[in-house]
Structures are given as structure tokens and as C-alpha cells.
Amino acid sequence: MRSFFMLLVATIGLAKQTGADIPVTSNLIDFDATNSPYYVQSDALGAYRNGVNTATSILVANGYNGIVDGDWRLDLSNSTVRTIRVMFAQANAVQPGDPGYTAPANPPYWGTRFEAVRMENKCTMDNHDMLTMKPGDKFTCVLSIRFPPSTSSTYYRLEMAGSWTFLNEPETQDVQISCNAADSGGCNDWFIDPVPVVNPDGSTSPGRARARLNLVNTHGSNNLTNEGDFYLTFHFHVTRP
């Protein structure tokens, strides 16, 4: 059933491409304010620039709901140089009895590994547009991280997609997009983060996004295996150009 819905989205949801992808620079910050490492980090080789070392870092022209250049994508699946680091640990695995537990945590590895991922959000699916945001604007939307490159019949996907009810992953959580600055062409500086925690006194603290790890088998209609949920921390800084 889920495969049917994904096919339906792919078939009727995408807008006809009327513009070009917009190159952006993607920075993945490695440590938080307390110098603790994020669970999703860069490869320590600097910013990811579109077209450099076969990296793709863009606002995607072909969005949903007729919105052009409203979604961000960082695709390293064709690069032999650039990767990101993804950490799986017992400390960030959702355990039995925890809110959002759905299945035993069974990642492809424990620890940290460099992965040639494809990361992207689907804000336009919810009629949100990153390009037309104004400084101070914030909204939440879906983010997925796919690895390794899909050169075989299987790959993994970390999905933060709680707002997409048709995926039936209600335990997962969307991410927050914030616009920091803009010019005549639209927003040109964004943060992508887990949704912050609102404290009882009204202040906020950095959050963590609960993501489901799915093993995707490209053969057959029932092609997903739930490999458990993980709390992810990260801080992405995207700028145009």
C-alpha cells in the first residue's frame, strides 16, 4: 500500500519543471554549542558546493504543487570524494518503552561511518517554499537521508516525516526550516534543524528529530523493513549561492 502512495505522489504531485535548479552552498555543522558532536556531521572537508567534486547542492526546480525551487537537496551519491558522517549508537536509538518505539534498532552498523548520502526535504509537498521565505520565517517539513548509493536492490532511508500521514510513520518528526536573510531573489540564508524544545518558561532549547530507519528493497510492492527509530541531532546552514 505504501508503495502505491509513493508512486501516486511521484506521478501527480510533481510540478512541471519551469525553471532551473538554483545552486546553493551547504554547510553541515559538526558540534553543538556545548562541543558535543551531532549525530549527522560533515566529512570535515568544508562546505559542499554544487558541481564541486561531483556534489549536487541545490534548490530543486522540480517541486510539488507547482512550486519551483522550494526544496533543498544535497546529493553526494555520485561523488568519490565527498561524504557525510552518520552515527548510530545505543544512546540515540529509541528503546522499548520510549515514546515513539516501533521496532528493535537494527542499523547497518554501530558507530560512525562516512556515507555518500542523498539528503532532501519535501517542503513543497506541504505548500511551503524555501525560496520565498522572509527573514524570521520558520516552518516545518519532511526530511529524508538515503544511503548508501542505490547501486544494488537495497538501500537505507532515515525518514523524518511525521506530517505525512499516508506514510504511517506518526512517531517520526519533521524538521524546522528558518530563513535568516534575503535579497531581491528571495531567501538566501537558511538553517535546517530539529524542531526546538519549548521549555516551561517559554524559552527554547535545541531539539532532536526522531527518524525511522527503513531498509528499502526496490523489488516488490511491500518493499520496506522497519529497522527502528533513532533520535538525530544536526545543524545545517544553507546559503545562496
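**Aromatic contacts and disulfides**

Phe88, Tyr109, Trp110, Phe147, Tyr156 and Phe230 make up one aromatic cluster. Keep in mind that this is a predicted model.

Searching the whole structure gives eight aromatic pairs. One of them is Phe88 with Tyr109: the ring centres are 5.3 Å apart and the planes stand at 70°, so this pair is edge-to-face. Phe88 belongs to strand β7, residues 84–88, while Tyr109 is in the loop between β7 and β8, so the contact ties together parts 21 residues apart in sequence. Phe88 and Tyr109 are both buried.

Next, Phe234 and Phe236. Their ring centres are 4.9 Å apart with the planes at 25°, so that pair is stacked. Phe234 and Phe236 are buried.

Now the charges over rings. Arg146 has its charged end over the ring of Tyr155, 5.0 Å from the centre. Arg208 lies over the face of Tyr231, and there the distance to the ring centre is 3.6 Å.

On to the cysteines. How many disulfides does the structure hold? There are two. In one, Cys123 is joined to Cys141, with an S to S distance of 2.1 Å. Cys123 sits in the loop between β9 and β10 and Cys141 in strand β10, so the bond ties together parts that are 18 residues apart in sequence. Both Cys123 and Cys141 are buried.

Cys179 is joined to Cys187, S to S 2.2 Å. The torsion about that S-S bond is about 115°, so the Cys179 and Cys187 disulfide is right-handed. Cys179 counts as buried at 3% relative accessibility, and Cys187 counts as buried at 0%. With the bonded cysteines numbered in sequence order, the pairing reads 1-2, 3-4.

Notes. Residues numbered from 1 in each chain as written. Predicted model: local features only at pLDDT ≥ 70, side-chain atom pairs only at ≥ 80, totals over all residues. Heavy atoms only, no water. Phe/Tyr/Trp six-rings, centres within 6.5 Å; stacked < 30°, edge-to-face > 60°. Helix = DSSP H or I, 4+ residues; strand = E, 2+ residues; numbered from the N terminus. Buried < 20%, exposed > 50% of the residue type's maximum accessible area, 1.4 Å probe, protein only. Lys NZ or Arg CZ within 6 Å of the ring centre and 35° of its normal. Disulfide = S-S within 2.5 Å.
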